[in-house]
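I open this notebook to record what I looked up in one model. The entries follow in the order in which I made them.

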Amino acid sequence: MSPVNQLSSFMPVPEDIDFILQAEYAKKLRTFLPPEAFAPNINKLVILLINLVILVLGWIIADKLEQWSVYYLWLYLPLAVVMGNSIIALLFTSHDLMHGSVIRNPRLMRLISLLGLTMLWMPPTLWKAVHNRVHHKNTNNFGDPDRNYLDEQPKTWGKWIQNLFVPSAEVNPFWLTVGMTSAWGVHTFRNLTSVLLFNRETVDYVPAAFTVSAKDRRAIAWESLVIFMIHLSIMAYLEFNPIKLILSYFLPIAIGYAGVMFYIYTNHMVCQMTSVNDPLINSLSLRVPKIFDLLHFNFSYHAEHHIFPGINSDYYPLVQELITTHYPEKSEKYILDAGVAWRLLLQTPRHYKNETTFTDWSREKSVTCPLSQKYTSDIMVK
């Protein structure tokens with residue numbers, strides 16, 4: 001049994017909440033969605049390829065940077081931003097691909113997702129386990145590897161790093177900046193080593209450990225090796241030149257990871273934990289400028305994704321409209337402006353004292369999750 005499940009004093013706080021299972025939402029809302037919403041959208045493969053080409057072109061241009069005057073190197077920065085966005089887009093297209101909304105051929109899906117997830121250092125077999133199987137089944141409950149740590153969990157290196165990096169009322173702005181550009185790598189390293197080195201549910205430096213089959217474990221190891229060799233090849237092509245690496249490798253990765261982490265932090269971390277998988281309580285959707293929904297395949301519609309993981313993401317806005325119509329009492333609580341969601345993260349501690357209460361590393365604070373209450377607090381309007 002996982003140590004998380006052995007925590008005796010982490011007691012749920014009963015609330016008068018009308019929990020609804022994810023399957024119940026899906027069953028009711030599916031009848032209002034057109035059949036094409038559940039058909040594979042192969043056009044996403046073209047978008048994935050375009051973003052891979054952008055990265056390759058960026059490295060080809062970077063290979064000539066030694067010929068540039070030092071005074072003109074700043075001209076590469078806009079391209080680094082575009083490459084960073086391509087890394088975000090590669091994750092989100094691969095995310096849709098692995099959920100089966102792009103193609104259905106398992107072998108082709110694995111090969112293409114390996115290319116799409118390489119810049120994220122994420123083996124597709126690991127992603128399928130940690131995200132598709134474990135996270136979606138246990139969203140923001142004890143068994144979710146993507147949740148906040150519990151206050152009672154041991155103060156391991158994993159918990160210490162997350163406490164140092166994640167947005168909270170206590171985070172240092174410098175470390176928050178460092179974390180935005182590197183926390184994805186920590187997340188991947190944490191889960192990768194847990195599975196490859198131990199593959200036990202007793203691993204305590206992850207929020208919730210999980211196991212994979214021996215076959216998947218071997219696949220993860222081989223995919224990790226391929227990813228390492230691709231990254232090494234990129235660095236070798238850039239001749240391990242510090243300027244080339246900083247501008248065309250490390251900077252785009254930092255920008256891409258920061259964009260990815262903004263979404264991931266706001267997906268669930270400000271929500272309460274739930275023993276019932278209710279996506280409109282344990283997940284959050286964001287209101288963002290339409291350009292970001294276009295660039296990032298409606299990833300801001302995250303609760304909608306948790307209701308229909310395999311749906312074409314183009315139909316998430318329609319799902320949101322249906323939720324607003326059929327569950328009006330819940331729709332006012334699970335959708336926030338992106339700025340408000342971020343501000344809530346920065347105004348609350350990051351460890352769960354119980355299902356609806358946050359506390360800090362030193363256990364000096366006790367703050368009720370703002371999303372477990374009606375929106376009457378000043379925190380929502382400042």
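The entries below go from conventions to helices, ring pairs, cores, single residues and the sheet.

**Conventions.** I worked on a predicted model, in which local features need pLDDT of at least 70 and side-chain atom pairs count only at pLDDT 80 or more, while totals for chains, interfaces and linings use all residues. Residues are numbered from 1 along each chain as its sequence is written, and side-chain values use heavy atoms, with hydrogens and water left out. Helices (H or I, at least four residues) and strands (E, at least two) are DSSP runs, numbered from the N terminus.

**Entry 1: helix 8.** I looked up the span of helix 8, residues 214-237. Its 24 residues reach 35 Å from the first C-alpha to the last, close to the 34 Å expected at 1.5 Å a residue; the expected span is 1.5 Å times one less than the number of residues. I then listed its buried residues, where buried means under 20% relative accessible area, exposed over 50% and partly exposed in between (1.4 Å probe, protein chains only). In helix 8 these are Ala219, Ile220, Glu223, Ser224, Ile227, His231, Ile234 and Met235. For background, an α-helix has 3.6 residues a turn, so residues three or four places apart point the same way. Against what do the buried residues of helix 8 pack? I found helix 2 (43-62), helix 4 (106-117), helix 5 (124-137), helix 7 (173-198) and helix 9 (242-268). After helix 8 comes glutamate 239, with a positive phi near 60°.

**Entry 2: helix 5.** I found helix 5 mostly covered, with eleven of its 14 residues buried. Among them are Trp127, His131, Asn132, His135 and His136. The cover over the buried residues of helix 5 includes helix 3, helix 4, helix 7, helix 8, helix 9 and helix 12.

**Entry 3: aromatic pairs.** How many aromatic pairs does the structure hold? I recorded 15. Rings of Phe, Tyr and Trp (its six-membered ring) pair if their centres lie within 6.5 Å; planes under 30 degrees apart count as stacked, over 60 as edge-to-face and the rest as tilted. The ring centres of phenylalanine 92 and tyrosine 263 are 5.3 Å apart and the planes stand at 85°, so this pair is edge-to-face. Because phenylalanine 92 lies in helix 3 (residues 77-98) and tyrosine 263 in helix 9, the pair ties together parts that are 171 residues apart in sequence. Phenylalanine 92 is buried at a relative accessible area of 2%, and tyrosine 263 is buried at 5%. Ring pairs link Phe92, Phe262, Tyr263, Phe299 and Trp342 into a cluster.

**Entry 4: charges over rings.** A charge sits over a ring if NZ of Lys or CZ of Arg is within 6 Å of the ring centre and within 35 degrees of the ring normal. The charged end of arginine 30 sits over the ring of phenylalanine 38, 3.8 Å from its centre. Arginine 350 lies over the face of phenylalanine 358, at 5.0 Å from the ring centre.

**Entry 5: nonpolar cores.** I took a nonpolar core as a set of buried Ala, Val, Leu, Ile, Met, Phe, Trp, Tyr and Cys residues joined through side-chain atoms within 4.5 Å. Which members of the largest core touch the most other members? Of its 80 residues, these are Trp184 and Tyr265. Apart from this core lies another, of 20 residues, including Tyr301, Ala303, Tyr334 and Ile335. Contact means heavy atoms within 4.5 Å. Leaving aside neighbours within four places in sequence, tyrosine 265 is in contact with residues including Phe165, Pro167, Met180, Trp342 and Leu345.

Entry 6: Threonine 139 is in the loop between helix 5 and helix 6 (157-165), and is buried, with a relative accessible area of 0%. Its C-alpha atom and that of asparagine 277, 138 residues apart along the chain, are separated by 6.2 Å. Not counting residues up to four places away in sequence, threonine 139 touches Asp144, His268, Thr274, Asn277, Asn282, Ser283 and His306. Histidine 302 is in helix 12 (residues 302-307) and is buried, at 2%. With the same exclusion of residues up to four places away, histidine 302 touches Asn267, His268, Leu284 and Ser285.

Entry 7: I noted an open sheet of three strands in the order 3-4-5, with antiparallel pairing. Two strands pair if DSSP finds at least two bridges between them. The edge strands are strand 3 (351-354) and strand 5 (367-368), each pairing on one side only. Two bridges join strand 4 (residues 357-359) to strand 5, and threonine 357 has threonine 368 as its bridge partner in strand 5.
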